Amino acid sequence: MVNKRPGTRKVWKWIGGIIIVLIAVIASISIYFSIRWKPVLTQKIKDVVYNGSSHLYHINFKDVHLNIVTGSVTVDSILLAPDTAVFNALKKLGTAPTHLFQVKLEKLELRRISILTIYFKRKIEMNDIILEHPSINMIYHKVYKKPTPVKERRSLYERISRTLKSVHIKGVKIEDADFDYVSGATGSVLNSVKNLNVHVKDILIDAHSRTDTGRFYYTKDISFEMAGYHSLSKNKMYTMKVDTITGSAAGKNIHIRGLKMIPMYPEIQFSKMLKTQKDRYNLAFDRIDFNGVNFYRLNIRGVLHARSLRIKNGDAKVFMNREMPPGHGDKTRNFPHMALRRLPIETTIDTLKLRGVNVAYTEYNPISQEKGTVHIDRLNGNIFNVTNDSASLSRNRYAVAELNAYMIRAAQLNIRINFDLLAENAAFTFKGNIGKMDMVKLNPLAKSLGLVKVKSGQIQKIDFDVRANAKGSRGTMHMYYNNLKIELLKEGEDGQPAKKKGLLSFLANTLVVKDENPAKGKPVRTADIVFERPPGASFFNLLWKSVFIGLRETVGLGIIPMKTPEEGRKVVVEKLEERKEKRESRKEKRQQRRAERKAEKEHN
């Protein structure tokens, strides 16, 4: 074995000793400067926030921990809060921001920060800022913006230039945040989000960054992501779920995946819990994409403007139980262009794109005791100028929908709807056409809702042109068809199927129903559409009832008057009462038979 020379061991001892001394010196210096600089840095942070926000925000925290060796700063128990007195003063001047922020977090980490550069050069250079599990309240205020001369506006750099020469941060991460969007007027929470992550890329504040067109608010990008959103509606009748929401300021986009609005109860049970006739919605959309979003305008003015909104691959199911009393509400407010007015922020979507959406409107008829569904499948098309923004409306007050779909799983539908966005009576027009169809395929709808069965009939095409508003609709229809034969039905009892009215069916086909249009040697007949809308009728109900009336008029059933909503409701009530009496009578007879059998057994 070779022994190490004594000189070599001495060298290593000297090297080890020097390293230990250096570590001790650096640690001592670090501790000294941490103690010496802690109050200085504490005040610097407060000054930057206070002066950088034009005295609008104050920041407080429990403690600051510095590590000069690693270049890190950790701040504990932080509270960032606005000064309401300053905000109210700015509001009067017309210079207040649209949003205020309240932020609470347990810990803030600043990594790879050069303390010496801050102190001696008045420059902030660091790698990351990490906010773990913060609670953020974003408070929306509708404020009047007073135009300010450019020369009086100061950039963020100009506001901090007396304290700092520049700020450069490579990244900011907000991890697992709780976010509440709050109305400043009422204090109510407009929306609440959990598990929110926000990433800010490359923040630079210096004399030139404000004019850098490649930056959004001094950053290269602000992106966010949220997973597993889940909430219960205020009336506790629906669950709202979203798989993921992501967005990027640089990309000007927002992507929503797996949006669902799920009813808490089955159709009939749900309707009976509401006591009156109300629509039950069941919605599921795979993809919703906002593109060309103006995030700057959204932040400054609280206005959402997007170049396009695409809804792809979804199902929208609506159910109505006609057994329930109609109630006193008017569903005009839920028409698409009327509901648009009620959005909490001003919104403009240049083009709303529908791709592969399936719509199903179902009614339960208590007379036939069956459900009838109008299916609008593979709905595609565009809706232009979707807006409630006053500036946009001053330029164009109409939203136009150009749509096509596969109707009641039997024929192609093309329709154009023109919405008057400023009409107080919810006015709109719609026109279009329906392609070839075997009329027998109408039976699932005709039997359950109209107690009519189509034996035969072929439609070549249907053209319609209708004007509508909250009170109803008026228009015309041309339906080209031939070989129409029908059966009139009467409702079954105790779950039995509907039965044919033989004599009345014969008379209807012979004397009433016109089996073709145009008739041989005659011009095509024009059907007049006149529909008086009951207040409880939905927008979709108004559309299909208008078309249904056109069909009735064309085939000759228009001479049989339709019942008014009041008359129809009276028939329903009478029929339900009659069925109730029959059930009670049968129940009494069963009880009587059981009593007789019991008495007979006791006697024997």
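I take a salt bridge to be a side-chain nitrogen of Lys or Arg within 4 Å of a carboxyl oxygen of Asp or Glu. The model is predicted, and local features need pLDDT of at least 70, side-chain atom pairs count only at pLDDT 80 or more, and totals for chains, interfaces and linings use all residues. Residues are numbered from 1 along each chain as its sequence is written, and side-chain values use heavy atoms, with hydrogens and water left out.

Entry on salt bridges. I found 18 salt bridges in the structure, and I noted a network of them that links Arg 257, Arg 287, Asp 289 and Arg 310.

I then looked up Asp 389, which forms a salt bridge with Arg 297, with 3.8 Å between the closest N and O atoms. Asp 389 lies in the loop between β15 (370–387) and α8, and Arg 297 in helix α6 (residues 295–301), so this pair ties together parts 92 residues apart in sequence; helices (H or I, at least four residues) and strands (E, at least two) are DSSP runs, numbered from the N terminus. I recorded Asp 389 as buried at 0% relative accessibility, where buried means under 20% relative accessible area, exposed over 50% and partly exposed in between (1.4 Å probe, protein chains only).

Entry on Ser 392. I located Ser 392 in helix α8 (residues 390–395), and it is buried, with a relative accessible area of 7%. Not counting residues up to four places away in sequence, Ser 392 touches Thr 348 and Thr 387, contact meaning heavy atoms within 4.5 Å.
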